[in-house]
Amino acid sequence: VERKAKIGAPVRCAEYIPAPLLGQVERGREAVVQSVRGMRTILPGGEEKETAAPGFMIHRDQFDRALAEAARRAGAEIRLSTRVLSRENGKVMIGERGGYVSTVSASVIIGADGPHSTVGRWIGCVNRNLMPALQVRVALPASMDHTEIYFHREIYGGYGWLFPKGQEANVGLGMKRREDRPPPLRQALDQFLIRLAEHGKIRGKPYAMTAGWLPAEPIGSVVKGNVLLAGDAAGQTHPITGAGILPAVVCGRMAGEIAAEAAGSGDLDLLKTYDLQWRDLFWDTLERAFRRRQLLEREWDRLDQVIKQCWVAFREYYAESQ
């Protein structure tokens with residue numbers, strides 16, 4: 001059940017995927033725009049750090065549609081322009097075009113419906129720590145084979161990014177709300193674009209603005225009864241980097257396989273296996289990232305002193321004493 005009229009649109013993603021992800025999916029290679037060899041981190045004082053980060057920039061909408069088409073060929077029925085309304089007596093109420101309301105009976109319900117998950121509310125698993133993000137597209141004066149991450153004091157609790165896609169780039173930022181200041185997200189993005197233009201990183205006027213929310217804290221257990229969550233709905237997004245495609249694909253596949261086994265056998269206790277397996281893969285990484293996020297936000301006025309402990313490009317980030 002997909003509320004959008006077209007799968008994958010609008011794109012709310014920086015559209016970088018790590019290289020191993022293409023080995024996790026049989027479809028989606030046609031969505032690749034270019035390869036990326038590394039990540040460049042630019043600190044407030046101007047220091048730069050280059051890190052090997054092989055991956056690909058993709059057309060995320062094409063990638064999503066390729067996966068959906070593979071699901072359809074495997075037997076899935078996909079209903080577009082359809083909203084999940086409620087769950088009553090074990091049945092899911094859905095609203096379709098024209099106001100038509102129907103019910104769906106399901107042995108297992110998987111909520112992969114984003115950071116403001118309706119399904120998550122049903123089982124009391126809600127993302128309460130979210131970070132807003134804005135992104136535009138803009139032309140590049142020259143091609144790039146690396147992504148760029150920028151830390152500035154004005155971008156509280158987050159960072160700005162420049163991710164190349166051929167002759168253009170996704171440029172955006174995510175930042176937290178600070179009690180002593182209003183959250184000038186659009187203003188901060190405008191200032192970031194001006195700085196990039198002054199340094200010759202981009203040219204021309206930005207276009208195609210999009211916005212979204214990034215989970216900034218893992219939820220924990222995401223299984224209750226015959227319901228489980230995956231992706232942003234499950235808080236499986238990295239609290240520091242905001243990366244979410246890889247865990248969404250890995251956990252989505254895991255959720256589907258375990259749900260199929262539970263539905264086929266009639267043993268819903270098998271769904272608890274999902275919680276154990278996804279947490280075994282990702283929980284330590286997410287917990288460390290959340291601890292670093294807490295430090296980053298708490299010590300933001302000392303950004304120059306703490307940033308290496310709080311960003312994945314530096315070995316200090318991985319020190320267990322933090």
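Two strands pair if DSSP finds at least two bridges between them. The views below use that rule on a predicted model.

**View 1. Three strands make an open sheet.** The order is β7-β14-β13, and the pairing is mixed. β7 (109-111) and β13 (223-224) stand at the edges. Each has a single partner strand, so one side of each is left without a neighbour in the sheet. β13 and strand β14 (residues 227-229) run antiparallel, joined by two bridges. Lys224 stands opposite Val227 in β14.

**View 2. Eight strands make another open sheet.** Its order is β1-β3-β2-β9-β10-β11-β8-β12. Here too the pairing is mixed. The edge strands are β1 (16-18) and β12, and each pairs on one side only. On average, neighbouring strands of this sheet are turned by 30° against each other, direction ignored. Strands of a sheet pair through backbone hydrogen bonds, either parallel or antiparallel.

**View 3. β10 and β11 lie side by side in the eight-strand order.** These two strands run antiparallel. Seven bridges join β10 to β11. Across the pair, Phe163 stands opposite Asn170 in β11.

**View 4. Gln34 sits in strand β2 (residues 32-42).** Is Gln34 buried or exposed? Gln34 has a relative accessible area of 13%, and buried means under 20%, so Gln34 is buried. A polar atom of the Gln34 side chain lies 2.8 Å from the backbone nitrogen of Gly166. Not counting residues up to four places away in sequence, Gln34 touches Gly55, Phe56, Met57, Met144, Asp145, Pro164, Lys165 and Gly166.

**View 5. Helix α3 (residues 185-198) covers its buried residues with strands.** Leu185, Ala188, Leu189, Phe192, Leu193 and Leu196 are buried in α3. They cover an arc of only 140° around the axis, which puts them on the same side of α3. An α-helix has 3.6 residues a turn, so residues three or four places apart point the same way. The buried residues of α3 pack against β8 (130-139), β9 (146-150), β10 (159-165), β11 (168-174) and β12 (203-215). What span should the helix have? At 1.5 Å a residue, the 14 residues of α3 should span 20 Å. The end C-alpha atoms of α3 are 20 Å apart, which agrees. Just after α3, Gly200 takes a positive phi of about 75°.

**View 6. Helix α1 (residues 60-73) has buried residues of its own.** Phe63, Ala66 and Ala68 are buried. What covers the buried residues of α1 includes β3 (48-58) and α4 (245-265). The helix has 14 residues. From its first C-alpha to its last, α1 reaches 20 Å, close to the 20 Å expected at 1.5 Å a residue.

**View 7. Helix α4 has 21 residues.** Its reach from first C-alpha to last is 30 Å, close to the 30 Å expected at 1.5 Å a residue. Ile245, Pro247, Val249, Val250, Cys251, Met254, Ala255, Ile258, Ala259 and Ala262 are buried in α4. What covers them includes β1, α1, β7, β14 and α5 (272-298). Among these, β1 belongs to the eight-strand sheet, whereas β7 and β14 belong to the three-strand sheet. Just after α4, Gly266 takes a positive phi of about 75°.

Key: Residues numbered from 1 in each chain as written. Predicted model: local features only at pLDDT ≥ 70, side-chain atom pairs only at ≥ 80, totals over all residues. Heavy atoms only, no water. Helix = DSSP H or I, 4+ residues; strand = E, 2+ residues; numbered from the N terminus. Expected span 1.5 Å × (residues − 1). Buried < 20%, exposed > 50% of the residue type's maximum accessible area, 1.4 Å probe, protein only. Contact = heavy atoms within 4.5 Å. Arc of directions from axis to C-beta. Axes fitted to C-alpha atoms, helices over the stretch in contact; angles between N-to-C directions. Polar contact = N/O pair within 3.5 Å; in protein donor to acceptor, adjacent residues only side chain to side chain.
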